[in-house]
Every structure is written in C-alpha cells, then in structure tokens.
Amino acid sequence: MSLSVRRVGPSSAATVHALIQEAFGSRPPLDPPADALSDTVEAIATRLALSGGLLAKLDGEPVGTLLLEPVGDGVYIRRFCVVSAARGTGVAQAMVQAATEAARGTSWLRIVAREELPRTIAFWARRGFVQTDRRSPYVEMVRPVPSFHEVPTPEAMRALGAEVAEELQPGDLVLLTGELGAGKTTFTQGLGAALGVEGRITSPTFIIAREHAAGGDGPELVHVDAYRLGSAAELDDLDLDAALEEAVTVVEWGEGKAEGLAESRMQVRITRTPGASDTGAGSGAEGAEELEPRTVEITRLGPRWARYGHAEPTGRLTVEPAD
Ligand SMILES: Nc1ncnc2c1ncn2[C@@H]1O[C@H](COP(=O)(O)OP(=O)(O)OP(=O)(O)O)[C@@H](O)[C@H]1O
Ligand SMILES: [Mg+2]
C-alpha cells in the first residue's frame with residue numbers, strides 16, 4: 001500500500017472538488033449544512049490558485065484533500081477530508097503531517113470543526129490542537145507549527161537551551177527526545193545555566209530525578225532521565241507532583257511516559273542532521289570538537305502555549321501553490 005501526499009494547485013481542482021463532495025456528502029447532515037457542500041469546481045480552483053492545497057493518494061487513487069489558507073502569521077486548514085473507503089489507513093495522519101510541513105516558517109495551524117462532531121474534535125485534540133474559540137456550532141482549534149533549529153556544535157546546543165529558558169516559567173514541562181548521545185543533557189545544561197539553578201547538570205545514570213535548587217529569583221529545575229523507567233506508572237512512583245508546580249521540569253526520554261505530568265508541554269526533538277555526520281567527525285584536529293550538527297524541532301503543545309499569534313486576515317500569502 002503506497003501513500004503519498006503532495007502539494008497541488010488549480011489544475012487539480014476537479015479532483016479536489018470531487019473528493020470534498022464525496023467525503024462531506026457522506027457525513028450525517030448538519031444544520032446549517034457544511035459550506036463544503038456548496039463548493040463549485042471554479043471556487044475550489046480559485047482557492048487553489050491563491051495558496052494551494054494537498055492531495056493524498058493511496059495506491060495512486062485520490063483519497064484525501066485539504067486547502068491551505070494563509071492568514072496573518074499562520075495557516076488555516078480548510079475542507080480537510082478523507083473519503084469514507086480510505087478511513088483508518090493513516091491518510092488523515094499523513095495529511096496533518098504534510099500540512100505541518102507546508103506551514104513551516106509560519107506560527108500556527110488552525111482548523112474550524114463542528115461541535116456536533118465530537119470525534120472530529122477528538123482527532124484534532126490528539127494531534128495537539130487546542131480549542132481557542134467557540135461560536136456555536138463552530139469550534140476553532142489551533143496548534144503551533146514547530147520551530148526548527150540547526151545546531152552545529154555542543155555550544156550552540158547550550159545556547160539554544162538558554163534561549164528556550166527565557167520563555168519558561170514555574171510549572172512548565174519540557175520533554176526531550178533523541179537517541180543516545182543526541183545532546184539532551186547538553187541542551188539541559190544551557191537551559192539550567194540560563195535559569196541560574198545550582199549544581200552541575202549531568203546525565204543522571206543511577207539517579208532518575210535530580211532537583212537543582214533555584215539560584216536566585218528563578219524557578220528550580222527538576223531534571224529527570226526516564227530512560228530506565230518502563231512506564232508512566234513508574235514515573236508516577238517518583239512522586240514528582242509536589243515539585244512540578246514550582247519547578248521547570250525537564251524529562252529526557254520522556255516521550256510516551258511523561259505526557260501526563262502536565263496539561264501542556266514543550267516537546268524538543270533532537271536528531272542528527274542527515275548527511276552531515278561524516279563532514280567533521282574523526283578529523284582529529286587538535287582541540288577541535290567533532291562537528292556533528294543536530295537539528296532540533298521544538299513544539300509547544302497545550303493551553304499553556306495556546307496564544308499563537310492573531311488570525312486577522314491580511315491577504316498576505318505565505319504558502320505558494322505547487323503547480
Ligand atoms: N551539535 C551538537 N549538539 C549537541 N551535542 C553535540 C553536538 N555535537 C557533538 N556533541 C556531543 O554529543 C554528546 C551529547 O551528549 P549528551 O549527554 O548531551 O546526550 P544525551 O542525549 O543526553 O544522551 P543520553 O541519551 O545518553 O542521555 C556530547 O558529548 C556533545 O559534546
Ligand atoms: Mg542525557
């Protein structure tokens with residue numbers, strides 16, 4: 001089964017229109033009816049010419065689509081749909097992923113859902129969309145677009161940690177992911193230094209959680225390494241709850257275990273930059289640190305970060321159509 005999602009412009013208007021009619025037409029009728037049902041091919045072509053859309057194909061067959069509508073410093077996803085025959089195949093997930101990539105460099109993605117469709121609302125909520133506005137029967141939900149940072153050296157990684165520390169406050173949760181030696185602890189060192197906390201930040205090998213007292217007015221830092229923890233239940237046993245309120249909590253290897261610690265979280269994903277690994281490694285130059293660039297993806301999820309820019313129409317296009 002091969003799944004592809006690509007950018008499309010007005011030349012795909014007929015296909016996109018047919019998908020929207022099929023998918024929205026098969027939903028239970030709503031009052032007032034979905035705007036999508038009164039779309040014409042011409043209207044879709046006009047919208048695709050303005051800022052494009054996405055078309056998902058499963059084994060070459062068009063199965064899902066959406067329109068991209070840049071507004072202000074973000075992008076609205078409109079007419080998001082998957083035909084009934086292709087539901088449950090991961091198409092919707094791939095389309096959200098592709099929309100996030102299309103929106104790179106902007107601040108947020110927004111959708112408008114119908115409150116009569118709680119499963120649709122739950123779908124977006126699982127993907128980090130938070131309700132920001134409700135004008136019955138419409139519910140608006142927003143998610144920040146991740147920021148990407150190229151991090152060439154360990155020093156740059158500490159600097160990024162320090163930059164992130166500037167926006168943190170007591171009670172915040174930061175989850176770090178990335179393979180062994182990716183730079184999670186290095187990032188935390190920069191973060192802790194900028195917070196001004198006491199004690200040396202190291203990879204806690206035997207100690208699972210370490211509390212660093214506040215150095216001044218700032219918050220304390222709870223640094224957790226969940227690598228050895230099997231489950232969320234084991235993390236729960238550490239009884240961190242009391243500290244969480246007053247501290248900034250950073251959890252290495254926290255994905256899949258630590259999400260429940262707070263309602264909102266900053267997710268920091270560190271990966272080795274593809275194709276860059278052999279540029280400097282093993283050069284052996286004296287005193288020179290091995291050059292192992294990393295890419296860091298930061299996503300701010302949940303209500304704590306939900307003030308994502310303004311949705312005032314500007315007509316400014318930030319997403320170019322692909323064809
Ligand atoms: N661009 C870079 N960013 C961060 N670290 C780098 C970079 N290039 C090289 N390094 C080196 O990679 C190592 C990262 O180690 P660190 O302990 O921070 O990783 P970690 O993700 O915490 O690992 P673990 O999963 O074992 O806890 C350090 O030795 C650091 O000097
Ligand atoms: Mg570490």
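**Reading the ligand site and the cores**

Mentor: Start at the ligand: a polar side-chain atom of lysine 184 lies 2.8 Å from an oxygen atom of ligand 1. That is a polar contact, a pair of N or O atoms within 3.5 Å; within protein, one must be able to donate a hydrogen and the other to accept it, and residues adjacent in sequence count only if both atoms are side-chain atoms. This is a predicted model: local features need pLDDT of at least 70, side-chain atom pairs count only at pLDDT 80 or more, and totals for chains, interfaces and linings use all residues. Residues are numbered from 1 along each chain as written, chains are lettered from A and ligands numbered from 1 in the order written, and side-chain values use heavy atoms, without hydrogens and water.

Trainee: Which backbone atoms lie close to a nitrogen atom of ligand 1?

Mentor: A polar backbone atom of valine 151 is 3.1 Å from a nitrogen atom of the ligand. For threonine 153, a backbone N or O atom is 3.4 Å from a ligand nitrogen.

Trainee: How much of the accessible area of ligand 1 does the protein cover?

Mentor: Accessible areas come from the Shrake-Rupley method with a 1.4 Å probe; for residues, only the protein chains shown count as cover. Ligand 1 has 650 Å² on its own, and the protein covers 79% of it.

Trainee: Which residues come nearest to ligand 1?

Mentor: A residue is near if one of its heavy atoms lies within 4 Å. There are 19 around ligand 1, and Gly181, Gly183, Lys184, Thr185 and Thr186 come nearest. Helix H6 gives the most to this shell, three residues. Helices are DSSP runs (H or I, at least four residues), as are strands (E, at least two), numbered from the N terminus.

Trainee: What does the largest nonpolar core look like?

Mentor: A nonpolar core is a set of buried Ala, Val, Leu, Ile, Met, Phe, Trp, Tyr and Cys residues joined through side-chain atoms within 4.5 Å. Buried means under 20% relative accessible area, exposed over 50%, partly exposed in between (1.4 Å probe, protein chains only). The largest core here has 44 residues; Leu66, Ile77, Phe80 and Trp124 have the most contacts inside it. Helix H3 (residues 91–102) gives the most to this core, with seven residues.

Trainee: Is arginine 114 buried or exposed?

Mentor: Arginine 114 counts as buried because its relative accessibility is 8%. Arginine 114 sits in strand E5 (residues 108–114). A polar atom of its side chain lies 3.5 Å from the backbone oxygen of aspartate 31.
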